[in-house]
Amino acid sequence: MEKGHLSRTPYQKPFSYIVFLNTFSKWYHFLQKSQYWTKDQIEEYQTKKVKELIVHSTSNVPYYRRLFDSYSIKPYHINKPSDITKIPCITREEIKYNRPTLKAENYPNDAFKKTMTGGTTGSPLELYVEHARWLGVHFAFNKIYMVRAGYHWTNKVISFTGITKKHIHHPILRTLEMSSFHTLKKDFDEYYEKIIRFKPSFITSYPSSLTLFTQYLNNSQKPFPLIHAIFLHGETIFDWQRNLLENYYDCPVFDQYGHRERCVFATTCERSNKYHVFPEYGLMEIIDKSGNPVTRKGEQGEIVATGFTNKVFPLIRYKTGDIAVVGEEHCECGRHYPLLEKIIGRTQEYLITQDHERIPATGLYHVIAEHAHHVKECQLYQETEGDIIIYVVKEAGFSENDEKHILKGFKDRFKDSFSLTLRYVPSIERTKQGKYRYVIQKIPYTPL
Ligand SMILES: [Zn+2]
């Protein structure tokens with residue numbers, strides 16, 4: 001068996017700043033050029049990466065060695081990226097039960113850093129990334145994306161994420177982080193004072209936290225520094241949130257899509273709100289219920305992804321459970337990346353009707369946003385088909401009328417598909433990462 005250069009990876013210490021900086025620098029310079037590659041160049045690169053992945057996995061990853069053996073798959077079978085479909089997909093459950101044999105044997109134990117994916121039902125999925133190197137890759141992709149909005153490392157950034165401390169100032173990174181766990185008015189008063197002194201130019205945030213903070217600014221009529229761009233991540237963004245943020249800050253709002261599984265990374269660009277899938281990060285496919293490719297604009301299917309950046313725990317044709325709509329062929333920005341019109345639903349962001357139909361929760365959530373004007377936050381909860389509990393955090397001014405509007409809005413839109421119960425709660429609990437989940441789906445997930 002031919003040994004690819006991927007299998008000769010030298011030993012890495014658990015965390016080395018040198019490895020981190022070298023990886024970041026190598027990837028960032030590479031992405032500066034590759035982002036304007038032609039379609040042919042992208043295809044050539046992806047073909048090479050898939051071949052390398054098969055060589056590496058055959059030599060070093062027991063799970064894939066057995067799988068390729070039973071399907072008689074060899075690197076020379078790959079002559080174009082779509083030849084990867086000869087390999088069967090891997091599901092979340094298969095990863096869970098085969099985790100030890102998915103670890104690459106040519107790495108020492110301390111090269112592996114454990115990472116957990118968020119799971120909305122059942123237990124979270126445990127995965128591995130390569131110490132230090134994963135962070136360099138992550139920073140490089142994030143930087144190339146932020147530079148599209150005019151970001152420079154000397155600019156100051158505020159960020160709302162799931163930190164446990166209330167706020168942290170990183171002078172070297174020129175970043176002021178604030179916690180998405182603390183969103184009461186008194187917390188926002190404190191954040192506001194800090195932000196005014198800090199004078200940021202950019203914001204990165206979970207959509208839910210920044211929405212709450214912006215509603216607070218709107219209500220209190222406080223002036224705010226000029227912001228050049230907003231970068232959202234971590235949660236689905238709704239159109240009404242995008243509109244609120246674009247109007248209030250009068251700047252572009254960028255969004256990204258990705259996973260802890262690190263197989264796919266897509267972001268919007270300076271010219272469009274469509275998701276541009278980085279072909280350097282991995283190979284993305286969209287498939288229908290029977291596993292056939294979905295390629296026509298406007299059609300939807302499940303995202304299946306093969307990561308090129310994580311050699312210690314490679315995932316080939318991972319079924320993400322996320323549903324997306326195929327986008328246009330081209331974007332005015334000049335990048336020839338595959339485009340997704342939108343990401344409709346992430347795993348478990350569906351609700352099931354009495355007739356066993358699956359409806360994206362975004363649609364239901366939108367009805368609440370449209371029909372309730374004094375709702376601070378809410379969350380949809382389902383454990384039985386056709387039954388939904390809506391947990392509502394009231395805002396000052398909430399009245400019986402708001403409740404009637406929500407119920408009527410649902411009835412008009414969904415007829416008798418669901419029976420609704422409203423429950424009032426003081427707050428919506430965040431996940432361990434501090435993210436807000438707008439739907440808790442307890443009915444076990446069955447892939448499309
Ligand atoms: Zn573009």
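Visitor: Is Lys86 buried or exposed, or partly exposed?

Guide: This is a predicted model. In it, Lys86 is partly exposed, its relative accessible area being 42%.

Visitor: Which residue does the side chain of Lys86 meet in a salt bridge?

Guide: Side chains of opposite charge can pair when their charged atoms come close. Here the side chain of Lys86 meets that of Asp83, at 3.5 Å from N to O. Asp83 also forms a salt bridge with Lys80, at 3.0 Å from N to O. Asp83 has a relative accessible area of 7% and is buried, because buried means under 20%. Lys80, at 38%, is partly exposed.

Visitor: How many salt bridges are there by this rule?

Guide: The count comes to 24. One of the pairs is Lys185 with Asp189, whose closest N and O atoms are 3.1 Å apart. These two residues lie four apart in helix H7, so about one helical turn separates them. Lys185 counts as exposed at 56% relative accessibility, while Asp189 counts as partly exposed at 25%.

Visitor: In what order do the four strands of the open sheet run?

Guide: The order is E19-E18-E17-E20, with mixed pairing. E19 and E20 are at the edges with a single partner strand each, so one side of each has no neighbour in the sheet. On average, neighbouring strands are turned by 20° against each other, direction ignored. E17 and E20 pair in the parallel sense over three bridges, and Leu380 stands opposite Val439 in E20.

Visitor: Which helix packs on the sheet?

Guide: Helix H11, residues 400-414, touches E17, E18 and E19. The direction of H11 makes about 155° with that of E19.

Key: Residues are numbered from 1 along each chain as its sequence is written. This is a predicted model: local features need pLDDT of at least 70, side-chain atom pairs count only at pLDDT 80 or more; totals for chains, interfaces and linings use all residues. Side-chain values use heavy atoms; hydrogens and water are left out. Two strands pair if DSSP finds at least two bridges between them. Axes are lines fitted to C-alpha atoms, for helices over the stretch in contact, and angles run from 0 to 180 degrees between N-to-C directions. Contact means heavy atoms within 4.5 Å. A salt bridge is a side-chain nitrogen of Lys or Arg within 4 Å of a carboxyl oxygen of Asp or Glu. Buried means under 20% relative accessible area, exposed over 50%, partly exposed in between (1.4 Å probe, protein chains only).
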